[in-house]
Amino acid sequence: MRHPGMAPPGKGDRRGALRTIVLGGSAVFVAGAAGPALRVAMAPAFDSSRTEARWLRIARLSDLKDGEPKRVPVISDTTDAWTKYARENLGAVWLLRDRDEVRALSVTCPHLGCGIEKVNKGFGCPCHTSAFDPSGKRVSGPSPRDMDALETRVIGDGAERSIEVRFKKFRQGVPDREEIG
Amino acid sequence: MSWLSRMGDWLDTRTSYRTFLAHALDEPVPGGARWAYIWGSVLVGCMTLQAITGWAMMAYYAPSATTAWASVEHLSYCVSGGWLVRGLHHFGAQAMVVVVGLHLAQVAIFGAYKAPREVNWWLGLGLLGITLGFSLTGYLLPWDQKGYWATRVATNIAGTVPLVGRFVQSLLQGGPEYGSLTLTRFYTLHVGLFPALLALLLVLHLLLFRKHGVTPGARANMFKVDRFYPAQLAKDVGGVLLMLVVVAVLAFREHGAPLDAPADPASDYPARPEWYFLSLFQMLKYFEGRLEVVGSVLIPGIAVAYLALLPLIDRASSRALRSRFLYLVPLFAMGGAIVALTVMSVRADRRDEAFQKARVLAGKRSEAAMTLAKCGLIPPDGPLAMLRRDPETRGTALFQEHCASCHRLGELGPTPQKATAPDLTGWGTAEWAMSMLEDPDAAQRFGQTSYKGEMISLVKPPADPKKAKTFKPMPEADRKLIVAFLAGEAAEAKDPQHDAQGAKLIAQRCTACHLFRGQTDDDDSAGPELAGWGSLAWTRAHIANPGTNTTYRADAMNPERKGHMPRFDDKLEPDDVNLLAAWVRKKARGGK
């Protein structure tokens with residue numbers, strides 16, 4: 001459609017300057033509006049701050065029997081975004097007692113994070129059938145590594161002896177243990 | 001041929017996008033490109049800005065009564081750049097209202113509402129309504145005092161509409177009261193329904209605009225014709241950029257957007273709507289009782305109806321301003337009234353000392369909330385519970401409500417002349433106790449209370465000349481021992497045997513009237529227990545009930561003692577009594 005009196009397209013310096021204004025101006029606007037928004041939306045992905053793992057008391061030694069793994073929740077105060085929780089479930093561990101020694105294995109499957117269950121004498125993941133032996137070693141299935149062991153210690157005396165665990169979480173789906181959070 | 005143009009060819013043979021683009025951009029602008037036409041595009045710029053910043057904020061916002069304020073606080077102060085995004089959205093919203101006004105004014109003045117463009121005028125009015133709907137719903141979302149109280153007024157107005165009011169109100173609120181369901185509803189409107197409606201009406205608005213083209217001014221040179229791109233679009237982009245700069249400057253200057261203290265249904269808050277609704281707010285002041293609905297619904301309704309009917313009323317073909325002046329007079333009157341009412345509202349508030357005082361208090365409460373919340377310190381039951389448990393904030397509120405009509409404490413309370421109870425500033429210190437021993441009837445002590453004349457000074461001779469003859473002032477050294485003991489009691493000294501000499505002196509010299517460790521020579525006297533005086537337990541017991549011998553005696557509650565201190569254990573929860581006692585002790589010693 002050509003309107004009478006309308007200048008033909010693409011002629012003159014003024015048109016070129018106007019085009020620059022339109023394209024450059026639009027780019028500036030998009031950058032100005034979307035830049036801060038993208039920065040905010042992506043902020044959590046760039047946050048590398050990490051809280052030091054603490055020793056948390058999770059069970060009494062007398063609650064455990066030799067050779068019988070027990071699943072116990074890990075409860076502690078924690079912060080989720082803006083909220084401070086005084087006592088919240090952080091996760092759970094399998095505790096394995098051998099007389100006065102206790103080992104802790106994270107219940108989180110190193111494959112993709114499902115909860116590992118006790119299967120026969122060992123452990124298994126109900127999602128993708130990764131299987132682990134009674135000590136947490138990988139036997140079969142897609143899990144890229146053994147179950148994640150956590151540091152433990154026994155404190156106190158006599159009947160009051162209790163177990164503390166240094167609770168951490170690890171990245172899933174990779175062969176090496178990589179601490180997160 | 002570059003790879004870019006080859007890719008363009010590939011796409012064009014499959015989509016004909018170049019034809020679409022050419023059609024969109026080559027739109028003729030009869031009379032030539034003008035700055036007057038930019039407002040529609042600037043509005044689209046505003047909407048884009050709001051959409052982009054809004055999406056980013058949606059990634060943080062949590063709409064519920066316990067999380068909304070917390071999530072906004074988190075975004076504003078704990079997420080890098082969060083304040084800027086919120087600031088851009090906040091001032092972008094205000095820019096949008098201003099630009100809508102300018103766009104409407106331009107269309108009205110150019111006569112662009114006239115046939116055959118009536119439907120587009122109505123679509124524009126619909127878009128105006130949606131814009132105001134965005135403002136109203138967005139104002140509530142932070143769930144702070146400002147948004148909460150202002151929006152409550154707005155939904156209450158909706159509730160006054162005859163016949164449908166109650167239904168509309170509970171539909172908006174998600175029930176008879178404000179709460180989490182109000183927030184989820186307002187959020188749904190703000191980020192779901194309104195954007196969809198806006199997009200729909202905007203597309204129709206633009207399609208009709210393209211169908212009819214711009215409306216040149218009555219005296220435009222019709223031989224001059226520009227293309228939309230780049231001639232008009234360059235001006236439009238200039239306008240959009242100017243808008244962004246203004247919004248960004250405001251956002252930087254205010255370092256984001258204001259956030260008041262968390263919404264508190266129990267507080268008294270000087271509610272005001274956002275500035276562009278102030279004219280409506282001011283108008284409500286002139287309609288009382290049953291006439292209320294005239295100011296709240298009828299007059300705004302008539303104004304909207306006139307706008308809607310304008311293209312049907314003004315049917316002359318001429319777009320010359322002079323020939324349409326009569327039809328535009330109501331519009332100018334509306335604009336004038338909006339400006340006048342807004343100015344009146346602002347001036348009334350500026351002169352209103354009580355309002356200014358309330359604003360200062362609200363500001364302090366907001367600061368207290370920010371200090372407590374920090375990053376990740378809000379309890380699961382929300383920021384209001386956090387404030388309620390904060391001794392500082394809660395203590396101040398309790399003191400203001402229950403104590404400050406009689407007692408002074410620092411800046412709080414009545415003027416010294418009007419106080420009818422001892423000034424608590426310094427209460428529990430040795431200096432305060434000493435002033436009591438020396439001049440108990442001073443204006444700041446018992447002088448203006450029902451205990452005036454009941455305690456004798458230990459340094460001034462009594463008024464009765466007979467008694468004055470035998471009066472011997474207590475030596476300063478003894479007085480110092482006594483007040484040292486009392487101050488130790490008030491400070492809850494660890495050693496129970498502290499200042500034993502002072503305790504001995506009290507047992508010898510004060511129990512003629514006072515109780516001391518439960519002992520007294522005069523069971524009918526009003527003199528209070530001095531053991532533990534000013535301690536937390538003493539203070540708590542005194543606030544709960546001053547007449548139990550733990551502090552003062554039964555006589556303290558004697559109705560003949562006009563204006564005596566009342567008991568509070570029947571009004572306040574034990575937790576509050578405890579908190580108030582701790583707060584008063586701390587404040588009295590100048591603790592912050």
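Two strands are said to pair if DSSP finds at least two bridges between them, and helices (H or I, at least four residues) and strands (E, at least two) are DSSP runs, numbered from the N terminus. This is a predicted model, in which local features need pLDDT of at least 70, side-chain atom pairs count only at pLDDT 80 or more, and totals for chains, interfaces and linings use all residues. Residues are numbered from 1 along each chain as its sequence is written, while chains are lettered from A and ligands numbered from 1 in the order in which they are written.

**Sheets and hairpin of chain A**

In chain A, four strands in the order E2-E3-E4-E9 form an open sheet with antiparallel pairing. Strand E2 (70-80) and strand E9 (149-150) of chain A each have a single partner strand and stand at the edges, so one side of each is left without a neighbour in the sheet. Strands of a sheet pair through backbone hydrogen bonds, either parallel or antiparallel. Within this sheet, strand E3 (residues 83-98) and strand E4 (residues 101-106) of chain A run antiparallel and are joined by six bridges, and A:Asp98 has A:Glu101 in E4(A) opposite to it.

A further open sheet of chain A is formed by four strands in the order E5-E6-E7-E8, again with antiparallel pairing. Its edge strands, strand E5 (117-119) and strand E8 (138-140) of chain A, each pair on one side only. The antiparallel pairs of chain A that are described here by their bridges can be set side by side.

| Strands of chain A | Bridges | Residues standing opposite |
|---|---|---|
| E3 (residues 83-98) and E4 (residues 101-106) | six bridges | A:Asp98 and A:Glu101 |
| E6 (residues 122-124) and E7 (residues 131-132) | two bridges | A:Gly124 and A:Ala131 |
| E10 (residues 152-155) and E11 (residues 162-166) | four bridges | A:Thr152 and A:Val165 |

E10(A) and E11(A) form a hairpin, with six residues between them, and A:Gly156 in the turn has a positive phi of about 85 degrees.

**Where chain A meets chain B**

Counting two residues as in contact if their C-beta atoms, placed from the backbone, lie within 7 Å, 40 residues of chain B are in contact with 27 residues of chain A. On the side of chain B that touches chain A, at least two residues each are supplied by helix H3 (39-58), helix H4 (68-78), helix H5 (82-110), strand E2 (225-227) and H10 of chain B. The largest share, eleven residues, comes from H10(B). When Ala, Val, Leu, Ile, Met, Phe, Trp, Tyr, Cys and Pro count as nonpolar, Asp, Glu, Lys and Arg as charged, and the others, Gly among them, as polar, this side of chain B has 27 nonpolar, ten polar and three charged residues.

With axes taken as lines fitted to C-alpha atoms, for helices over the stretch in contact, and angles running from 0 to 180 degrees between N-to-C directions, helix H1 (residues 13-46) of chain A packs against helix H10 (residues 228-253) of chain B at an angle of about 30 degrees, their axes being 8 Å apart. H1(A) is therefore roughly parallel to H10(B), since angles under 35 degrees count as roughly parallel, over 145 as roughly antiparallel, 65 to 115 as roughly perpendicular and the rest as oblique. The residues making this contact include A:Leu18, A:Val22 and A:Phe29 of H1(A) and B:Leu233, B:Val237 and B:Leu241 of H10(B). By class, the contact of H1(A) with H10(B) has 16 nonpolar, four polar and two charged residues.

**Within chain B**

Helix H6 (residues 118-140) and helix H12 (residues 292-313) of chain B cross at roughly 170 degrees, and their axes come within 10 Å, which means that H6(B) is roughly antiparallel to H12(B). B:Glu118, B:Trp121, B:Trp122 and B:Leu125 of H6(B) make this contact with B:Leu307, B:Ala308 and B:Pro311 of H12(B); six of the residues are nonpolar, none is polar and one is charged.

**Backbone details**

Most residues other than glycine have a negative phi, and most peptide bonds are trans. A:Arg99, although not a glycine, has a positive phi of about 55 degrees, and A:Arg99 lies in the loop between E3 and E4 of chain A. In chain B, a cis peptide bond with omega of about 5 degrees joins B:Ala115 and B:Pro116, and B:Pro116 lies in the loop between H5 and H6. The peptide bond from B:Tyr229 to B:Pro230 is also cis, with omega near 0 degrees, and B:Pro230 lies in helix H10 of chain B.
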